Amino acid sequence: MAWMKSKSLTLSLRDRAVRTEISVLTVLLVFVTAVAVAPLSRLLFEGIAPSGVFDWGRIQRIFNQASVWRAAVNTLIMATGSAALATLIGALLAAAVAVTDIRTKASLVFCVILPLMIPPQVATLAWINLFGSSSTLLSMLGLAAEAGTRHPLYSLEGIIIVLGLHNAPLVFLAVRASLRALPSDLVEAARSEGASPLRAFLSIVLPLARSGLISGAALAFVSAAGNFAVPAMLGIPGRVPTLITLIYQRLSDYGQEAFADVALLSLSLGAIAVSGLLFQSWLLRRRDIRITSLTATPLRFSLGPWRRPTEIACWVFALGVLVLPLLALLSTALVSGYGQALTTETATLKNFTNALFHHTMIRGAFMTSAWLAAATAVILTIVGIPLAYFIVWRPNSLVRVASAVLEVGYALPGTLVALAAILLLIKPIPIIQVSLYGTPWIILLAYLTNRSVLSLRPIVSGFMQLDRSLEEAARVVGAGFFRRLRDIIIPLVAPAAGAGAILVFLTVLTEIQVSVLLVTSSTRTIGASVYFLEESGATTLAAAVGVLIVVAVFCLMLFVSSFKDRLPKGILPWAE
Amino acid sequence: MKRLLTASLLALLSGTAFAAPSGKLVVYTSQTPEVAQQTIDAFKAKYPDVAVEWIRNGTAQLMNILRAEVAAGDVKPDVLFVADTINIGQLKREGRLLPYAEAPTTPYDKAFHDADRTYFGTKIVATGIAYNTKTAKRPTSWSDLTAPSIKAQVALPSPLYSGAALNHLHTVAASPEIGWSFYAALAKNGVAPVGGNGPALNDVAGGRATYGIIADGDVMRAKANGSPVDFVYPKEGVSYITEPAAILKTARNIEAAKAFIDFLLSKEAQQLVARQGNIPIHPEVPAPEGFPKLTDIKLLPLDVGQAINTDKEVKEKFRDIFGG
């Protein structure tokens, strides 16, 4: 009798757990529908049936153009090449930081992550300056190109190199998150069996870091496909058309057709992104290795005599991608007119005092961007953890479609996501009759469409590494979904989720493309303000605002670090 | 006589009583944020009963927003106040603009507004030659940019991406004195088009290019801030944009929209244009310091209808010459 009772109790508990899971999944799918499926299908509709009429001939005409194909091929080469470079650099750095005994790790990680904060157009301008015929540095070394020759970076190779360097921190974060979960006992066992450190690295560390490597590489691939600043600044003068520059070219066309063409072209960009995603899941499905890492001591390879050279190599990279663009930005911010030589006479703090005290618009924009970035990061983390749970541990076709749609939202150029949001929200939302058009909420929605992958990817790769037995055990004994989430899942994926949240926050804070179409005279983001300042010729003031953003983020990171001891281990991606 | 006076007084009174515009006016403008704010503030000072809601963005972006609004079936703005006449001419052709026959255009040159009175130019922004004062000597002619000695040193905004550059290309290509051979000579000299006006100006100011084909106002502002740049209106003539304003047919507040056009064409608004560092088009308002008199600049005409018709070919030809 007592046995019967306890069995039915367990059953009803498990029943309830299943019901909770179904309702949670429903809520998640509604969220994905609202932020991604709805706006993207609205855009798709505009592409294939402008003004409501389906026109197959028009679609054929567009995809038969040689220029579209050339741009698509260039985009594929650019995304693949730069993803490979970013993966190589990011993985090496991550390995050095996570599993070796090099020193000054904390500051190294800080310097590797901070470039994510430098807007890509600033970094690109710095590289252009560095390798241009007017380069001060290369002239001193006698290496500067002669005046009148083609800039070496104005080429497909140049785009690949700059994008690869720019996206390396993304891979670094993903790989490092998977490496820090590595237990040392495996390696110790291998070493005691006589395996050399290199052998142990290749046969144990590398396979276990696969999920991080692959998801990092895929992130770099999709980021590169959707990046605008680098192909625009290097590819337009280098005559390397890519899909995104083609889209921008068509966006500056006038006439009704241009708009529908752009919507259609963006589909091909979405297709490239989804192909990257499919390749990723195919790679990940081939082998499946998981570990539980809560109790294990982290791994440390001793580099011996190689420690110093490794340290130097890491620092050369970190300082190269951080200090170079920052110096360029700072030297611009310190003169009143762009192009003035920076001397003791021309140096001025005018731009900084203007930015801080005389432009209320800039201060307001900073606050707007800060809360939008924080809200985006928090919402995407709250949604991302249960969504990744379903993607990795309880996949079904609905969940797979949801994650593919989010991927497209990330790969599309920000401007198109903004246009999709406008198309969707210009009329008041039916039933509740609320209009979001012209409010900051439409910007938030577009950010959720465009950035969810940045938070979801690391969480998914976190889940992939986890051994499911703990959670399954909890399920068997009848722990409810939220109970399991709180007690088991969240502590295990916290590092990955933290990395994702930080990525989202940092990249949204200085974001330009999405918000530039959605800002109004009363709601401006800081990225759009910087863009408007540049556009109106106030390059030096824009640079000063850029420097202030980097300084503010730096301080923010330091401030959060001071609570390190009270936070779950591994949640701060830059902390050791 | 007395009756006449009373009648005109009454007319004046009733005029102000009935015509005083009020309510909400939505303006989409491509002026820079500060300039737009000043213009709107000055308008509000004159028409305190009108609540102006405005969105400010680049012309291409504004057109994309407008296209999205058209596609969604809800066009928000009453007034468009953008950079060039080609985009706005396209809207006119689509029948989206409202003619305003009574607009106060009397003092103005006919070239600066639409013959059908759907859009009205407000200033002159000319595209000429910017040069780096440290590395270049002052040019006088467009042909100075094609000298074989200055290989790949011209910052040329791409008309495939920038509306101002497209306006320039259409104007110059149709000019017998400059024409396509100018672009062919640039291409032969290894010039690679860059994204837009901003990058081109920075290339010249930063010394990556010696010359640039850029708008006058931006260069003069940079010069005033200490950048090593200066501007020349070449002797063959310059292309120009007029920053036209137009009322949309879908406008919800036509009275206020007309008041906005009236204001932009007032002497007072033209004086504001001069203070903001651009050449006004009112014959009695002098150009700002450092700018030549409007009558001293050779302005090359642009046939807007022709430009819209030949746009695809012109872009294609540019692509052929520069290879994408």
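1. Salt bridges over the whole structure. A search of this predicted model finds 30 salt bridges over all chains, where a salt bridge is a side-chain nitrogen of Lys or Arg within 4 Å of a carboxyl oxygen of Asp or Glu. Side chains of opposite charge can pair when their charged atoms come close.

2. Conventions. Because the model is predicted, local features need pLDDT of at least 70 and side-chain atom pairs count only at pLDDT 80 or more, whereas totals for chains, interfaces and linings use all residues. Residues are numbered from 1 along each chain as its sequence is written, chains are lettered from A and ligands numbered from 1 in the order in which they are written, and side-chain values use heavy atoms, with hydrogens and water left out.

3. The pair A:Glu21 and A:Arg475. These two side chains form a salt bridge with an N to O distance of 3.3 Å. The pair links distant parts of the chain, 454 residues apart, with A:Glu21 in helix H1 (residues 2–48) and A:Arg475 in helix H20 (residues 469–476) of chain A; helices (H or I, at least four residues) and strands (E, at least two) are DSSP runs, numbered from the N terminus. A:Glu21 counts as buried at 5% relative accessibility, while A:Arg475 is partly exposed at 26%, given that buried means under 20% relative accessible area, exposed over 50% and partly exposed in between (1.4 Å probe, protein chains only).

4. The pair A:Arg58 and A:Asp261. The closest N and O atoms of this salt bridge are 3.4 Å apart. A:Arg58 lies in helix H2 (residues 56–63) and A:Asp261 in helix H13 (residues 256–286) of chain A, so the pair ties together parts that are 203 residues apart in sequence. Both A:Arg58 and A:Asp261 are buried.

5. A network in chain A. A:Arg468 and A:Glu471 meet in a salt bridge at 3.6 Å, N to O, and both residues are buried. Through shared partners, salt bridges join A:Glu21, A:Arg394, A:Arg468, A:Glu471, A:Glu472, A:Arg475 and A:Arg484 into one network.

6. The interface of chain A and chain B. Here 48 residues of chain A are in contact (heavy atoms within 4.5 Å) with 58 residues of chain B. The buried area, meaning the accessible area (1.4 Å probe) that two parts lose on being put together, summed over both, is about 4600 Å², of which carbon and sulfur atoms give 52%. Across this interface the rule finds zero salt bridges, but it does find 14 residue pairs in polar contact, both at pLDDT 80 or more. A polar contact is a pair of N or O atoms within 3.5 Å; within protein, one must be able to donate a hydrogen and the other to accept it, and residues adjacent in sequence count only if both atoms are side-chain atoms.

7. B:Thr210. This residue sits in the loop between helix H7 (197–205) and strand S8 (211–215) of chain B, and counts as buried at 7% relative accessibility. The side chain of B:Thr210 makes a polar contact with that of B:Gln153 at 2.5 Å. Leaving aside neighbours within four places in sequence, the residues in contact with B:Thr210 include B:Ala130, B:Tyr131, B:Asn132 and B:Val204.

8. Chain B overall. Chain B has twelve helices and twelve strands, and its C-alpha trace spans about 75 × 45 × 30 Å along the principal axes. Of its 324 residues, 60% count as buried.
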